[in-house]
There are 2 protein chains.
Amino acid sequence: MSVENLLSEGIKATPPSFVRAILKAASDPGVISFAGGLPNPVSFPQEELLASMERVVQTYGSNVFQYSVTAGLPELRQYIADRYNRSFGLDLSLDNIIITTGSQQALDLIGKVLLDKGDGIIVERPTYLAAIQAFSMRQPVFYPVELTEEGMDPEKLAEALRNPVKFVYAIPDYQNPTGLTYSAGNRERIYEILKDRGVVLIEDDPYGELRFDGERLPYIGAGKLPDSILLGTFSKTVTPGMRIGFIISKNRELIKHLSVAKEASDLHTNIFAQYLIWDYLKNNDLDTHIAKIKALYRKQARAMMDAMKKYFPPTVKYTKPHGGMFLWVTLPESVSAMSLFPKALEKKVAFVPGDPFYADVKNVNTMRLNYTNADCETIEEGIRRLGDCIRQLL
Amino acid sequence: MSVENLLSEGIKATPPSFVRAILKAASDPGVISFAGGLPNPVSFPQEELLASMERVVQTYGSNVFQYSVTAGLPELRQYIADRYNRSFGLDLSLDNIIITTGSQQALDLIGKVLLDKGDGIIVERPTYLAAIQAFSMRQPVFYPVELTEEGMDPEKLAEALRNPVKFVYAIPDYQNPTGLTYSAGNRERIYEILKDRGVVLIEDDPYGELRFDGERLPYIGAGKLPDSILLGTFSKTVTPGMRIGFIISKNRELIKHLSVAKEASDLHTNIFAQYLIWDYLKNNDLDTHIAKIKALYRKQARAMMDAMKKYFPPTVKYTKPHGGMFLWVTLPESVSAMSLFPKALEKKVAFVPGDPFYADVKNVNTMRLNYTNADCETIEEGIRRLGDCIRQLL
C-alpha cells in the first residue's frame, strides 16, 4: 500500500536535508569535501573522554545507565549556568537550562511550543538549513530578513515585524551558512527594535566559543530580553557524536512548556553522555582545549581565503569569518551554484549550493564552504579545482 | 512578558506527564514506590558495558565522537534485522530500521509523519500515557478501544474503524499500563480486520523480550501487514539511560518520511551509544543476560500478586502479567484511584492512578503498579500498606 494519502501536511512541507543527501557523494574517497559541517576530530579530547567514561561508571554506577529527569543532569546545568554567568555577566540558575539532544532538538522543541500552521517567523536570509527544516514541520510562514555584513538589516527587520510573528531566529556569531558576525551597533539596534515587542528572540550560538579573530561581542537578547532564548552546544567544542546541546531562558513559562515538549519527544537526553561531558568539564580546562581548536581553525580559514585570492576569478566574492566553521561565496550573478555543483563533483570537490539556506528563493549564485575538516594543502588544492570549475562557467 | 498568547495549540493540548510529576514525591527516602517504570539495575550489565566503552573508543577512535548518519549505525541496524529475522521469521534488511533516541522518539516521529490536527487515531483503553502525550502534540482525535483480557476488543475495533483514522496504536505484549497480553486468537482477528484497511498498525513492543511465563506469540502485523510499524528498544534489556530504541517497517515510504522527521528532530541519535550497544551485543550473549532479568521479574511479580492476595480486600481485582514490568489494579467502583493516591503517600507508598492512561475519562478506579524496582520484602510491605489505605476508603 502507498501511504501517500496518510502523510501529514507537516511532513510534506519539510524538505529533506540537501546537505545530508550530498554527504554521501562528498564522502567518496578522493573527493575534497567542503560540504559538511564536521568539526575537526582534533576537537574531540578522546583520551580525556575515555578517562571520564571510566570515572563516571565507577563513581555513579547504575545512575549513568538508568532513566533520568527530563530537564537534564542538574550538575551539568549548573556548570553551564556558571560558565555563562562568568563569561557574559548573566544571572542564570540551573532552572533556566534544559539539556537537549543536540541543538537540533532545541529547534524542534521551539517549533512545537510556539508554532501552529500559518504562524509567522522571522529568519535571516540566508539561514541555517536545518532550522528551516525543523520549523517547516510546523508549517509556519517564513519572513526572511536580508543578512548584511553587519548582521540582520534593522530596517528590514522592523518592516518584517509588521507581520504577525511569533519569533525571530538569529545566529549572531559566525553565522551558518555565511560566517558573518553581527556588529556591536547592529546588536544594539536589533535589541531596541525587539524590546517590548511581544515576540521571542532566539539566539542560536553553536560557534561563539570558536572566535579566532577580533573580540567576542555581547548577546542581543540573553540577559536583557527576559523572554529570549539562547541555544548552545558542546558539539563544536567537545564532541558532536554525544548530542549534548542546551536551551537557556530566563522565561520560566517558556522553560516549563519546552520541558513538556522535551518529555513528549524523547523523555530525556542520554544521561551517560551528560555525566560524561560534566565529568570532562570538571576535570579539564575547557578554555585550553578550545584554544587549540581555534588556532587550527584560524589557520584553515586563512588557508582557504588565501587560496581563494589566488585561484578564484576576481568577480567572485566571499566573506572573511572571524570564527566558526564556514565561509560564504557569492558567484557572479549569471552563475547558479546548483549548476556548479555537479561540475565540481566531477573534479572531485564538493560544497553546499546556497539554495537550501533560503526559505524563499531557488537557483541562487551563493554557496557555503566548510574549512574545518581538511588540512591546509587539501584546502588549497580543493579551492584550485573549484576556481577552474567556476572559470568554465563564466 | 507572559508568552501565553504565543503558545501553540499543540503544546496547550499536551498534558505534562503525571508520572514524571509524581516521581519526585515517590523518590523521597522511605517511600515505597510502585509508581515509576524503572528497570531493575540488575538489567544493566555495567562491567560489560564499561569494557565495550573502552573497546569502541580504542577501535573506532574519532568515529564514535563525530556526527553520523540519521538512520543510525549500519552494524547495529543489521544486528537488529538479524535478531528479528531469527526470532520471528521476518525478512528484514538494515534499510527497514531506523535507530531512535529511545522508543519515545519513535512515537514523536510517527506523530509528525502521519498526523495533522483533527486526524483520527485508535488507541487501547487504557494505553501508555507517554504515547497519549506524544500524539497529543499533533492534536488528533483519539478513538480508544476497550482492552480486554484477550487484547483490544475486535468488535469495538471494527466499530472505531468506521471513523476516518490514520493508525491503530497497540502494545500487544505485557501492555503498559495493564500488563495484559493479546491472545493468539485475538491477534488473528485484529490482523483480519486491519488487512487491506488502509491504516497503519503500530505495534509497540518494549517488553516482549521480558516474557517470564507462557509462550511468546507472533506479532499482529510485523512480517504480514506491509505498511505496519514495529517499535523496539534496548531500554528494558540493556540500559534505558543510553536512549537507544528503533523503528522497524517494511514500508520504504514510511521509513523515508520517518528519516526526514528524525533528521529535523535531532539529526541522529548519540553515535557513541550506538557503537556501545552494538559492541556489547557482539561480545555478550543477550539471551543469557535477559534470562537473569526475567527470573528476577518473575519473582518480583509473584511477590506482588501473593501480597495482593493476602492484603487486598477481595473486591479489588488485578491482572496477572506473564511478562513486562507492570500490573493493573481495579478498585471497587466507588473508589477513585486519584483520591487513594495522597492517602497512600501519607503511608509512604506510591503508584500511578489510572487517569493519565485514558485519553477520554477521568477519576477512574484503576491504577498501575510497577514491580521491577523493589525487592520482594519491600513489595510485600508496600502492598500491605496499600491494602490498609484501600480498606479505609471502602
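Modeller: P177(B) sits in the loop of chain B that runs between β6 (165-170) and α8 (184-194); helices here are DSSP runs of H or I with at least four residues, strands are runs of E with at least two, and both are numbered from the N terminus. The peptide bond joining N176(B) and P177(B) is cis, with omega about 20°. The model is predicted, and local features need pLDDT of at least 70, side-chain atom pairs count only at pLDDT 80 or more, and totals for chains, interfaces and linings use all residues. Residues are numbered from 1 along each chain as its sequence is written, chains are lettered from A and ligands numbered from 1 in the order in which they are written, and side-chain values use heavy atoms, with hydrogens and water left out.

Another loop of chain B, between β8 (229-233) and β9 (244-249), holds R243(B). Phi of R243(B) is positive, near 55°, in a residue other than glycine. R243(B) counts as buried at 2% relative accessibility, where buried means under 20% relative accessible area, exposed over 50% and partly exposed in between, with a 1.4 Å probe and protein chains only.

In chain A, N363(A) lies in the loop between β13 (352-353) and β14 (366-370). N363(A) is not a glycine, yet has a positive phi of about 60°, and it counts as exposed at 53% relative accessibility.

A cis peptide bond also runs from R125(A) to P126(A), with omega near 5°. P126(A) is found in the loop between β3 (120-125) and α6 of chain A. Helix α6 (residues 129-136) of chain A is mostly covered, with eight of its eight residues buried; among them are L129(A), I132(A) and F135(A).

The loop between α4 (74-88) and β2 (97-101) of chain A contains N96(A). N96(A) is buried, its relative accessible area being 2%. The side chain of N96(A) reaches the backbone nitrogen of S93(A) at 2.8 Å. Beyond its neighbours within four places in sequence, N96(A) is in contact (heavy atoms within 4.5 Å) with residues including D91(A), I247(A), S249(A) and R252(A).

As for the two chains, chain B can be laid on chain A with an RMSD of 0.0 Å by a turn of 180° and a shift of 0.0 Å along the axis, the superposition being by least squares on the C-alpha atoms of residues with pLDDT of at least 70 in both. The two copies are thus related as by a two-fold rotation axis.

Methods
A polar contact is a pair of N or O atoms within 3.5 Å; within protein, one must be able to donate a hydrogen and the other to accept it, and residues adjacent in sequence count only if both atoms are side-chain atoms.
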